[in-house]
Amino acid sequence: MQTGLFYCPTDHEQVEKAATFMNASRDPTPDKVGEALNAQRFQMIKDIARELKGDVVFPTCFDTACRLRQELQNPDLPISRISSIVSLEPLVAAKLMQLANSALYRARGMPALDLKAAISRLGVDLVRITALAIAMRQLR
């Protein structure tokens, strides 16, 4: 039932739930201290660890991957331009750095220290394939 500016629920259960909620919010529980606080903190850490146990998926921007693909069609595109586009998507940039510094691509033990070096080492085709693979995986 609606009266004036206020909505009045007619269902008895809704009224009871609202009353329970209002009473609970008025009775604050005392702050935990000592062992109780440590136990609460430890439980929170266990909960976070349990949630992160599976695959953690970082969202990526599909538009950025498509833009990168389109830009990489140009064979004269400088590495600095590719690097600036890739840097807009941190997940793709991190994966390219990881791949460039893997045992397969790490030349003579010298690490790729920046994105430009990683892109130079991997090549334009692999950069494009990796960016699209990451974006496509996000669509699943």
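Start with Glu 71 and Arg 81: their side chains form a salt bridge, at 3.6 Å from N to O. A salt bridge here is a side-chain nitrogen of Lys or Arg within 4 Å of a carboxyl oxygen of Asp or Glu. This pair joins distant parts of the chain, with Glu 71 in helix H3 (residues 62–71) and Arg 81 in helix H4 (residues 79–86), 10 residues apart. Helices (H or I, at least four residues) are DSSP runs, numbered from the N terminus.

A word on the source. This is a predicted model, where local features need pLDDT of at least 70, side-chain atom pairs count only at pLDDT 80 or more, and totals for chains, interfaces and linings use all residues. Residues are numbered from 1 along each chain as its sequence is written, and side-chain values use heavy atoms, with hydrogens and water left out.

The cut-offs: buried is under 20% relative accessible area, exposed is over 50%, and partly exposed lies in between (1.4 Å probe, protein chains only).

Stay with H4. Its buried residues are Ile 82, Ser 83, Ile 85 and Val 86. Seen down the H4 axis, they fall within an arc of 165 degrees, so they line one face of the helix. That arc is taken from the directions from the helix axis to the C-beta atoms.

How many salt bridges does the whole structure have? The search finds 2. Asp 125 and Arg 128 also pair this way, at 3.0 Å from N to O. They sit 3 residues apart in helix H7 (residues 124–138), so about one helical turn separates them.

Technical notes: Helices (H or I, at least four residues) and strands (E, at least two) are DSSP runs, numbered from the N terminus.
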